[in-house]
Amino acid sequence: MESRSGEFAGCGGRRRSSLTEFVRQLFSLGKRTSLHGGDKSTGPRKVNKALYSVSTTSTHSAEHVLAELQRALHIKGVQIKKSDRFPNYLLRCTVADKRGKTNIVFELEVCHLPRMDLIGVRRKRVKGDTWEYKKLCEEILSIAKL
């Protein structure tokens with residue numbers, strides 16, 4: 001990988017004193033933005049793939065969509081926990097029965113679709129019955145005015 005002049009291939013011709021420094025700089029670049037395309041603190045994750053599991057799209061702002069989802073989840077009695085990965089736009093939702101046993105766990109994420117310039121809601125079932133999850137998500141999305 002290293003040429004005779006001490007430069008690493010693919011680094012734009014800049015000198016590196018060691019491989020360790022090079023790797024350290026690569027890791028520091030990864031801390032500035034998220035790996036999924038979007039800064040964690042400034043907005044929703046950008047989804048560049050055309051075929052993506054986004055169930056609902058909206059022309060409203062990401063904050064409005066998130067507020068409507070939280071309102072609908074509150075109406076349905078679903079417990080909400082903000083995610084550590086994208087704390088502002090990823091909701092981890094839990095539904096428990098009367099005894100406190102967790103029945104359904106799922107995620108709702110507000111994401112930006114740059115090709116269509118829309119805000120999308122991605123949903124993902126983590127645990128629980130598929131049909132109950134599908135019915136609950138349809139009810140939540142119908143309550144939310146997106």
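How exposed is E139, and what is its relative accessibility? At 25% relative accessibility, E139 counts as partly exposed (buried means under 20% relative accessible area, exposed over 50%, partly exposed in between, with a 1.4 Å probe and protein chains only). The views below come from a predicted model, in which local features need pLDDT of at least 70, side-chain atom pairs count only at pLDDT 80 or more, and totals for chains, interfaces and linings use all residues. Residues are numbered from 1 along each chain as its sequence is written, and side-chain values use heavy atoms, with hydrogens and water left out.

**View 1. Confidence along the protein.** The mean pLDDT (the predictor's confidence in each residue, from 0 to 100) is 76, and 64% of the residues reach 70 or more. Confidence is lowest in helix α1 (residues 19-32), at a mean of 60, and highest in helix α2 (residues 62-76), at 93. Helices (H or I, at least four residues) and strands (E, at least two) are DSSP runs, numbered from the N terminus.

**View 2. The buried face of helix α2.** A62, V65, L66, E68, L69, A72 and L73 of α2 are buried. These buried residues fall within an arc of 165 degrees seen down the helix axis, so they line one face of α2 (the arc is that of the directions from the helix axis to the C-beta atoms). On the face turned away from the buried side, α2 carries the exposed residues H74 and I75. Just after α2, G77 has a positive phi of about 75 degrees.

View 3. The side chains of E68 and R71 form a salt bridge at 2.9 Å, N to O (a side-chain nitrogen of Lys or Arg within 4 Å of a carboxyl oxygen of Asp or Glu). E68 and R71 are three residues apart in α2, and so are separated by about one helical turn. E68 is buried, with a relative accessible area of 13%, whereas R71 is partly exposed at 31%.

View 4. E139 pairs with K76 in a salt bridge, the closest N and O atoms being 2.6 Å apart. This pair links distant parts of the chain, with E139 in helix α3 (residues 130-143) and K76 in helix α2, 63 residues apart. K76 is partly exposed, with a relative accessible area of 33%.

**View 5. Surroundings of H112.** H112 lies in strand β5 (residues 102-113) and is buried, with a relative accessible area of 18%. Leaving aside residues up to four places away in sequence, H112 touches P44, R45, K46, V47, D117, L118 and I119 (contact means heavy atoms within 4.5 Å).
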